[in-house]
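Colleague: Could we go through this structure together? I would like to start with the strands.

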Amino acid sequence: MPCSGIGKVHGLIAREATYAVTDELAPVNAETLCLALLVSGDEEALAKIQQSDCITIDGCPKLCAAKNVEMAGGRVVRSIRVVDAFKNHRGAQPGTATTLADDGWTIVREIAGDIAGCVCGGSEVK
Amino acid sequence: MKRAILPCNGLDKQQGVLARELALRLMETQGAEVICPVLLNNSPARYEKALADASLLVIDGCPTRCASKLANKLGLRVDDKVLVSEEAKSAGLDVGESLRPGSVGMQLVEVMEAGLARAQELAVSEEPATDFESPTDYLTVTYDKFIFKIPAQGYLFNENDCWVQAVGSRARVGVSDFVQQSLTDITYFEPAEVGREIEQFDEIGSLESGKSMMDALSPVSGRIVAVNSQLVDSPELVNEDPYGRGWIAEIELTDFDSDKELLLDAAAYSMIVEKKAAEAQR
């Protein structure tokens, strides 16, 4: 579950890392869901989140994804903050809220690989 | 006036992805402020100033309409709305199911952007929106167990049970307490098109309840400069506050002096209500 992350590059990284996991690295083991569905109380979304182990990816320290998944009754097994990933990439130029630069994609791949390893129990990463 | 945009989250459906693309496009081309829906829900104060100073465009991807629901929940005044799935249907474009905006998707974004620009040209008001105050004094008409309220001052009525409240060259129109009580629980509101020129007694929206439906007929002539989009999601506001939050449209007046000749003040309208209430009981 990434944060909504619109309007900021950190949010875009959270979103792209999610797509990389659900579309490429672990499409069988992971799926994603619109956070706004939880916020608006969509019953189907709430039921799904309550039956799943959730990994949240937040762009900024406000932790919207982690907080809302927990409030919706989801079990957050791992909470990832994009800002933390930047600590290993001092001076990185990640791009903008609409387009990622090379540094941004590097961080996306790093986060996505981390999540895919977690989702697939460290093996069978597609 | 600056524009603020509240898009849906737009993560797991193509229409949502395009809602987000449209929001970002407008951010880049118009300098609009994009509001993060989840952050808004968690910390409304974060966007208080941005929302106070701007007109609000809500963009929903799919019919679940998460962004509209959020705006409604927070009581935001919505000036424009876009539902991407409907826009795709209108434009005859099949955007597919990929979560990447393909060429057809981007074509739809361009269509929507152009449509919004046209609507803005038509709807843009030359003056800031006028403040309309809710009534404080009422005349009442009592019939059997019903009590119908009519604002004592500041409102005029047509015989079709619609009211107008004029401030300067701008007016707000809606339906009376008699209408909302007659319809009972209102479940559906269809707004008129912003920018349309209307004559007195032209239709300015329709209301429907489990009991009946009604086309609201404008007490005045002019140009529709805004509609109360909140009623689309919360038509019950007409029941709760027919003379205030249940307003239907704002009109830029063109011939109010002539219009007034066919309108009634509170006392005259109360006699109409009395008569209609008696007829309804027969």
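Modeller: In S15(B), B:Glu250 is the bridge partner of B:Ala226. Strands here are DSSP E runs of at least two residues, helices are H or I runs of at least four, and both are numbered from the N terminus. Please note that this is a predicted model, in which local features need pLDDT of at least 70, side-chain atom pairs count only at pLDDT 80 or more, and totals for chains, interfaces and linings use all residues. Residues are numbered from 1 along each chain as its sequence is written, and chains are lettered from A and ligands numbered from 1 in the order in which they are written.

Colleague: Over how many bridges do S14 and S15 of chain B pair?

Modeller: Strand S14 (residues 222-227) and strand S15 (residues 249-253) of chain B pair over five bridges, in the antiparallel sense. Pairing requires at least two DSSP bridges between two strands.

Colleague: And in what order do the six strands of the open sheet run?

Modeller: The order is S7-S8-S9-S15-S14-S11 in chain B, with antiparallel pairing. Strands S7 (156-157) and S11 (197-198) of chain B are at the edges with a single partner strand each, so one side of each has no neighbour in the sheet.

Colleague: Changing topic: which residues of H5 in chain B are buried?

Modeller: In helix H5 (residues 84-91) of chain B, B:Val84, B:Ser85, B:Glu87 and B:Ala88 are buried, meaning that 20 or more other C-beta atoms, placed from the backbone, lie within 10 Å of their own.

Colleague: What follows H5(B)?

Modeller: B:Gly92 follows, with a positive phi near 65°.

How values were computed. A residue is buried if 20 or more other C-beta atoms lie within 10 Å of its own, exposed if 12 or fewer, and partly exposed in between; C-beta atoms are placed from the backbone.
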